[in-house]
Amino acid sequence: MIEIDGLTKRYGDKTAVDALSFVVEPGVVTGFLGPNGAGKSTTMRMIAGLDGPSSGTVRVNGKFYPRTAAPMSELGILLDARSVHPGMSARNNLLALARTAGIGRRRVDEVIELAGLGEVAGSRAGGFSLGMGQRLGVAAALLGRPQTVVLDEPVNGLDPDGVRWIRLLLKSLAAEGRTVFVSSHLMSEMAQTATRLVVLGRGKLISQGSVEDFVDHATTGGVLVRTPDTVRLGQLLAAPGITVMNDGTDLLRVSGTTAEQIGAAAWRAHLPIYELTPTRASLEEAFMQVTKDSIEYHAGATQ
Amino acid sequence: MSAVMQTRPASTHGAPAPATVAGPVTQVRVVRAEWTKLRALRSTWWCALTAVVLIVGLGAAIGGSGAPYKISAGNSAAGGVTISLVGILFAQLVLGMLGVLAFSGEYATGMIRATLAVVPSRLPVLWAKLIVLVAFMLPLSLLAAVAEFFVATALESSRGGSAITLTDPGVLQEVIGASLYLTVIAVTGLALGALLRRTAAGLAVFAAVFLVVPLVAAYLPASIKGFAPYLPSNAGGTIWGAGKLFGGQQLSPWTGFAVLCGYAVMLTGLAAWQLRRRDA
């Protein structure tokens with residue numbers, strides 16, 4: 001369990017994390033979302049005691065992490081940036097960490113196999129691809145069989161096989177009753193893996209709760225309508241608060257109204273409808289909507 | 001490298017195993033961890049080899065060339081040993097680098113985050129690096145100094161120079177002193193690496209303090225170079241007789257060495273204080 005209470009981190013006059021409070025429960029995978037610069041990595045570094053908070057507290061499994069007797073059994077962490085020595089082999093990188101907790105070579109070899117690094121364990125980590133570096137980082141996080149696992153962008157750079165591995169791994173860790181807290185930019189991946197979410201924007205908590213609630217609260221779902229005369233239906237539906245998008249085919253995405261109202265309007269105008277499908281927002285759409293006011297760096301306009 | 005990735009999604013445990021594998025962090029365990037790192041890095045062995053070659057090689061060159069060294073009223077046995085140990089002046093830069101790298105290397109690669117995440121109380125990491133470095137440096141530098149002594153004196157006496165033995169006055173102190181000096185030098189490098197966090201900055205400051213400043217000080221007018229004997233290399237160098245190489249005022253050997261140790265302790269203290277309070 002991770003309990004964060006009033007956590008604040010300031011760098012000079014910039015506030016990276018602002019009075020953040022949330023709890024990450026054991027037994028489920030909790031996703032940590034937010035645009036770039038929202039403060040996710042800073043928060044994760046504070047959980048591991050690498051950065052000291054300006055104010056507020058972090059408790060890991062009910063304890064103040066820097067004072068725990070056996071840190072590696074409490075918390076395993078993969079940080080965003082690489083944190084292995086490129087001049088050392090994968091095995092020696094892991095062994096150096098394992099030694100601090102009296103963990104033996106057998107467990108080191110076990111996590112090497114688990115991470116699929118068996119054939120490259122003796123090679124210098126500096127020659128690893130991004131994906132293999134990630135696997136090594138995940139192996140390091142799992143070394144001590146920690147009660148709580150925190151992973152910053154674990155699927156970054158992984159091939160589809162690796163992405164699947166992480167997904168199943170996270171679920172099995174949660175099923176063992178461990179606390180799993182994971183950040184990712186890949187919304188589709190998060191939607192498949194996480195059951196709870198903590199969403200951050202500009203250092204502040206935007207939302208926390210189940211993935212379902214988060215998606216249901218989004219209003220971007222809309223209705224898919226297939227009709228031979230998309231132009232005419234668009235005109236019929238035009239009203240303030242209703243948007244009609246057409247991708248050039250006979251399919252329209254209408255939001256701001258219901259399937260019933262679209263169907264009734266089409267019937268009144270004797271316009272045939274071939275398909276009428278209410279859709280839920282995807283996690284990605286919900287995320288974009290919720291965080292649109294807190295994105296630090298906007299890309300050029302796309303509309 | 002074409003490794004085939006084998007993925008095992010099923011369990012994080014593999015074979016049945018005890019529920020916990022990670023025990024408490026102890027100083028002894030952190031020392032073992034740091035030894036694993038120091039031993040695994042190629043830079044460690046390159047620096048060590050270079051230092052030994054410099055010390056023994058220059059000693060052999062001096063012992064085997066020039067006018068044979070004769071002990072006389074102005075030329076003591078210990079003085080002859082000092083001259084042949086001159087390779088220390090170059091080896092100290094390499095061993096200082098070894099010390100700097102032992103800490104700055106972790107910041108440069110990001111490994112420090114993994115290290116401090118598993119030892120969140122932090123200070124045991126500094127003490128462990130210190131212990132491991134001293135344990136590595138003492139035998140290495142003693143081996144280099146003793147080897148240099150026997151090679152150089154054998155070459156000297158084969159060419160008709162005076163036979164110098166370890167039992168001659170001051171000789172043993174200089175040979176052991178050379179080892180102590182180089183060990184404390186490496187510790188100073190370690191503390192600089194921890195304080196400055198960057199390899200380049202650590203090396204630059206180290207070279208300035210141990211090479212540039214003493215050289216500049218040697219050419220200052222006598223009226224303003226009263227501080228020169230207290231410079232780390234000048235003070236510490238007295239223990240292997242380095243003062244004799246440059247002349248000028250100098251501290252007595254053990255006082256000078258104590259001054260060098262004082263600098264090392266001060267820098268290590270600052271490094272400890274900073275390691276505790278600064279973000280990693």
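Modeller: Domain bounds, as used here, come from an automatic or database domain assignment. The model is a predicted one: local features need pLDDT of at least 70 and side-chain atom pairs count only at pLDDT 80 or more, whereas totals for chains, interfaces and linings use all residues. Residues are numbered from 1 along each chain as its sequence is written, with chains lettered from A and ligands numbered from 1 in the order in which they are written.

For chain A the assignment gives domain 1 (2-217) and domain 2 (223-279). Their C-alpha centres lie 44 Å apart.

Helices (H or I, at least four residues) and strands (E, at least two) are DSSP runs, numbered from the N terminus, and two strands pair if DSSP finds at least two bridges between them. In general, strands of a sheet pair through backbone hydrogen bonds, either parallel or antiparallel. Here four strands of chain A, in the order β11-β12-β10-β13, form an open sheet with antiparallel pairing. Its edges are β11 (243-246) and β13 (275-278) of chain A, each of which pairs on one side only. From one strand to the next the twist averages 20 degrees, where axes are lines fitted to C-alpha atoms, for helices over the stretch in contact, and angles run from 0 to 180 degrees between N-to-C directions.

Four bridges join β11(A) to β12(A) (residues 251-255) in the antiparallel sense; A:Met245 has A:Arg253 of β12(A) as its bridge partner. Helix α10 of chain A (residues 259-268) packs on this sheet, touching β10 (223-226), β12 and β13 of chain A. The direction of α10(A) makes about 160 degrees with that of β13(A). Contact means that the C-beta atoms of two residues, placed from the backbone, lie within 7 Å.

The setting is chain A as a whole, with eleven helices and 13 strands. Its C-alpha trace spans about 75 × 45 × 35 Å along the principal axes.

A nonpolar core is a set of buried Ala, Val, Leu, Ile, Met, Phe, Trp, Tyr and Cys residues joined through C-beta atoms within 7 Å. The largest has 161 residues, and those touching the most other members include A:Leu136, A:Leu143 and B:Ile55. Helix α7 of chain B (residues 171-196) gives the largest share, 16 residues. Leaving aside residues up to four places away in sequence, A:Leu136 touches A:Val84, A:Ala90, A:Asn93, A:Ala115, A:Leu117, A:Ala125 and A:Phe128.

Chain B has eleven helices and zero strands, and 45% of its 280 residues are buried. Between the chains, 39 residues of chain B are in contact with 52 of chain A. On the side of chain B that touches chain A, α1 (27-40), α2 (42-63) and α5 (111-118) of chain B each supply at least two residues, and α1(B) gives the most, with seven.

Methods
A residue is buried if 20 or more other C-beta atoms lie within 10 Å of its own, exposed if 12 or fewer, and partly exposed in between; C-beta atoms are placed from the backbone.
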